[in-house]
Amino acid sequence: MEELRQVAARIRELRDICGFSASEVAEKLEIPEADYIRYEADGNDIPINVLFRLAAVLGVDLNELLTGRAPHLESYCLVKRGKGLNIDRYPGYMYQSLAYTYKHRVMEPLLVTVEPDEQEAAPVSHGGQEFNICLEGTMELLFDGKTIRLEEGDSVYFNPSRPHGQRAVGGRARFLTVITL
């Protein structure tokens, strides 16, 4: 959990450098101030969509917010199998950033592994556009009140400003999500 405390410390430091109060950042993120203060205190359970927006508000790359290291590549970024930047945000979900060293990304490719859970995925929404392709297992995209089932090789492209969430069905699922920033 030391990693989460470091993320929280970076968030506080960047907010101070930007000259924002906690309430100003919470307002910009459109979240309750109490939630933002909790995120800044321990870095625990910050939703990925909040992290994307927070990085934009603070003027840094998402991966710089998470690791303290700025991306530095400008022509290409090679990530070998299993070597993506791990982003652990929710129980049962593991994200791997697949372009974390590339500067000025306009999209965020993430390999997502989801463990099965009987509960529906908590809906999130964020800007941009999103593409998901199921690589392993079976998953459901809960999108704007609908359930869309994806099996290996199936894909969906959608407007993520609408409430959505993904979950594994019948076992672990892996999918690639690409989100425009």
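Visitor: How many bridges join strand β1 (residues 85-87) to β2, and do the two run parallel or antiparallel?

Guide: This is a predicted model, in which local features need pLDDT of at least 70 and side-chain atom pairs count only at pLDDT 80 or more, while totals for chains, interfaces and linings use all residues. Residues are numbered from 1 along each chain as its sequence is written, and side-chain values use heavy atoms, with hydrogens and water left out.

β1 and β2 run antiparallel and are joined by 3 bridges, where strands are DSSP runs of E with at least two residues, numbered from the N terminus, and two strands pair if DSSP finds at least two bridges between them. Within this pairing, Ile 87 stands opposite Tyr 95 of β2. Strand β2, which covers residues 93-97, also pairs with strand β3 (residues 107-114), in the antiparallel sense and over 5 bridges; here Ser 97 has Leu 110 in β3 as its bridge partner. Strand β2 is mostly covered, since 4 of its 5 residues are buried (under 20% relative accessible area with a 1.4 Å probe, protein chains only).

Strand β5 (residues 138-143) runs antiparallel to β8, to which 5 bridges join it, and Leu 142 stands opposite Gly 165 in β8.

Definitions and conventions. Buried means under 20% relative accessible area, exposed over 50%, partly exposed in between (1.4 Å probe, protein chains only).
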